[in-house]
Amino acid sequence: MATVREETAAAAPAPLSAVNDFVIKFANVNGSGSASANELFAKSILRMGVPVSPRNIFPSNIQGLPTWYEVRVNERGWLGRRGGVDLMVAMNPQTWDADLAEIEPGGYLFYDSTKPLPRSKFRSDIQVIGVPLTQICSEHYTVARERQLFKNIMYIGALSALLEVDPDAIEKLLAEQYRGKEKLLDANKQAFHLGRRYVLDNLPHPIGLRVRHADGVGERIFVDGNTAAALGCVYGGATVCAWYPITPSSSLAEAFQKYCMKYRVDPATGANKFAIVQAEDEIASIGMVVGAGWNGARAFTTTSGPGISLMNEFIGLAYFAEIPVTIIDVQRGGPSTGMPTRTQQSDVLACAYASHGDTKHVLLLPEDPTECFEFAAAALDLADRLQTPVFVLSDLDIGMNQRLCAPLAWDDARVYDRGKVMTAEELEAGKEFGRYKDVDGDGIPYRTYPGTHPTRGAYFTRGTSRDPYARYSERGPDYVYNMERLLHKFDTARNLVPAPLLRSAATPARFGAIYYGSTSPAMAEAIALLEQEGLALDTLRVRGFPFADSVRAFIEAHEAVYVVEQNRDAQLRSLLVNEFGIDPARVPAVLHYDGTPITARFIARAIGERLRTADAAQTSRAGAR
Amino acid sequence: MTFVAKPKLHHPTLPQNALCYTRRDYEGKISTLCAGCGHDSISAAIIQACWELSLEPHRLAKLSGIGCSSKTPDYFLGQSHGFNTVHGRMPSVLTGANLANRELIYLGVSGDGDSASIGMGQFVHAIRRGVNMTYIVENNGVYGLTKGQFSATADQGSTSKRGVVNADSPIDLVGLALQLGATYVGRSFSGDKAQLVPLIKGALTHRGAAFLDVISPCVAFNNHAGSTKSYEYVRAHNDAVNRLDVIPPRAEIAVDYAAGETVDVEQHDGSRLRLHKIDASYDARDRIAAMNYVQQHQARGEVVTGLLYVEAEAEDLHAHLNTVATPFNRLEAAELSPGAAALARINAGFR
């Protein structure tokens, strides 16, 4: 508190000044139509060649509650959350005080100045920009809904003048959005220029924060992870999708439907090369995926934490009976209903060890939409190859926010890896079939699809113990053979999951950090922040479980390795400690789990403090000697 | 003990079907159920029905949940793939399997605990989706594997072996199936093979959700006085509305019944369901009337059996989803991946 008083008592700080590097946050009321206007703003900056990363922070509600849209503008390409807000567009009286408090000293407040507000409602250390949006709307529109909706596009117009956002870029985007709906296009353009004109005629412009044309976007695309993962399932050959609506994964199933309708309808017959079933619950969803996988179709379900909890019994069956299953878990804040519209990485352990009994599951950990696409397709291959459940652990931050990322790529020569499936010809030729027999020494047995051969290859699938020929058996040695083989199969998976990515510091580093998933962009920036302070840190991004041996080597090569995660209990760290049997003291946790995406400043501060302490300790030891 | 091998010797005079298979070719492993268990009679009826229909055993997939009844798929059709899933969840697994390969015949075997308690949700939803399947509940009103607890189909006022009176209302799976749109609904008794075999044959050849509730006494825990699922009770209260013959496609049709006594229903595959009426007023093609009849007679303590409802021109889930004729499990990248050129266009739309 002392520092705050000092700041307010001092002379007002100079207004922030930055080109192509700032954070703008829109505070809105959900259901007011602000989302499309805010997205338009973000995209217009992208069109100017300047990387942006927007994030929706929204309530579990349809209308009336606070919602925010935070846009990071950064020419260097940092796509994580930085932390702090330089310009607040405060359109929601409910959150006014909290929104104002977030603004950096010297930052800017944009608000609707139609109704005068007492001085006490403002801060003296920020720049205040008032535009009478409601008044302008009332003067130009008579329909109540129009007065509300056009207020959004109007503040985008005002911001374009304040920040020097190219109006042509916005007009072009509007034209694309309202192609064929000329009346709507003209009305939106009018509202945009009303806001813009007001600033040009009445207010000092531009402000200290500005956007300039740049060349920082290139070939990259701007897409959300759920859409990309859905495309991965389409390209990866999923034909059956069984799902139950749950935030934040529903848009993945809906995107799968959309792309299937476009690309999976047989032009000759009009029939569908896909089946999507909205099941009665997550148990039925996974049951259908298990049934389809057993019968040789590529199938997936998409869900979030509560769904994973419900699916546990089936996940154990699929593990033990060895059935390909792909589960895309778009994680949210748990436990229970938790924070259904906020992000976390808190299903790691629940997925890695899902089900009763001894189980271990393959996890793929994408960092962005590009990897959501790649890993969704890879999961379908891996599930068939390994005959086991494979999880893609996305999260709300990746899944539901548009992210600038590498274009999606597909090689037309790629064939699906259907794994070890014995054919009618092989059975006819007398090849021995033992459903649960390790023939190749990799722990992976052969399977047959139902209906393959009239007299050979049929077997009875069960979650009960059996011998290598799928015959019911309660004999201890049969059970142990099977469980050991499953462990061996899991070891085979170690080299099939995406390999970890190592980044070495410019100078030799005593310490390292391990991170994964949506922490990635904030981590990249945090490393740069630490480097500016002369603090070197090697990093390793884990992309799959079981962990590659190089993960253990990385930990062993450093004095300590910080494990950065977005959950309370350091779940990936627990997995590292448990699977490698390493000393927990070697892997201190850095945890961020308030439901908002982790920020670069948070990571840099948390790790920076410890690195400085360690450096100081070393210096004092050296001095003592 | 199921790992005891059955002798493979066939008696040379065993009759053969159109595929030159004897009934033995439709058998499975030796049953491990109690001697006299109704479920074994149902397994025998399934074997008989498949043999009579000359089904290729490998073209059928048999699925079940957990419980005594769900163990039985191991005891018939040893050349068919089988799947003993998790308790109460056979319907969803069968649904997924059916989506993956529409060409196979799907037989789901379940019990009253499996379908009316833990799996009630999955049962009703598989029925209302019209999954093309034969769904048999081997209904004994009791949990056998866990030794004699009441199930949800036990009648109110019936007593357990230890004399405990069941206070809860029973769940009537036939009533549910009728209400939820099953397009072939029958009830039978494990002790009446003459009635049961044709009902199974009709169900296996029906396209759509076919449901059979088969009362199947549990000799160990629910065959005493005071039970309404005992051999004695069902024999005394069996109220059959009709007898069924299933006539294969292209078979010569001999008319030897007086008009009004029989009704022929032609199915999608050309086979015919010939219903010989026992109760002349009963019309198995009228869903609402069937519901009324079953309810009224049940209220009198009667067990209404026979083919209770059939909709010959039913649609199944594949029709609702407009899926391609080729089974999904045969589609490869060439048919499923939209290709790199399409992806380039998709990428362009994301800029």
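Leaving aside neighbours within four places in sequence, A:Gly307 is in contact with A:Tyr244, A:Ile246 and A:Glu282, where two residues are in contact if their C-beta atoms, placed from the backbone, lie within 7 Å. The structure is a predicted model, in which local features need pLDDT of at least 70, side-chain atom pairs count only at pLDDT 80 or more, and totals for chains, interfaces and linings use all residues. Residues are numbered from 1 along each chain as its sequence is written, while chains are lettered from A and ligands numbered from 1 in the order in which they are written.

A:Gly307 lies in helix α11 (residues 305-321) of chain A; helices (H or I, at least four residues) and strands (E, at least two) are DSSP runs, numbered from the N terminus. A:Gly307 counts as buried because it has 24 C-beta neighbours inside 10 Å. The term buried applies if 20 or more other C-beta atoms lie within 10 Å of a residue's own, exposed if 12 or fewer, and partly exposed in between, with C-beta atoms placed from the backbone. A:Tyr244 is 63 residues from A:Gly307 along the chain, and their C-alpha atoms are separated by 8.3 Å.

Chain A is assigned domain 1 (14-210), domain 2 (223-405), domain 3 (420-497) and domain 4 (501-624), with bounds that come from an automatic or database domain assignment. Taken over C-alpha atoms, the centres of domain 1 and domain 4 of chain A are 36 Å apart. Between these two domains of chain A, 9 residues of domain 1 are in contact with 10 residues of domain 4. The domain 1 side comprises 3 nonpolar, 3 polar and 3 charged residues. Here Ala, Val, Leu, Ile, Met, Phe, Trp, Tyr, Cys and Pro count as nonpolar, Asp, Glu, Lys and Arg as charged, and the others, Gly among them, as polar.

Between the chains, 50 residues of chain B are in contact with 60 residues of chain A. The largest share of the chain B side, 8 residues, comes from α3(B). By class, the chain B side has 22 nonpolar, 21 polar and 7 charged residues. Strand β17 (residues 460-462) of chain A is joined to β2(B) by 3 bridges, and the two strands run parallel; strands pair if DSSP finds at least two bridges between them. In this pairing, A:Arg462 stands opposite B:Asn84.

Within chain B, 5 bridges join the antiparallel strands β11 (residues 262-266) and β12 (residues 272-277). B:Val263 has B:Leu275 in β12(B) as its bridge partner. The hairpin of β11(B) and β12(B) has 5 residues between the strands, and B:Gly270 takes a positive phi near 90 degrees there.
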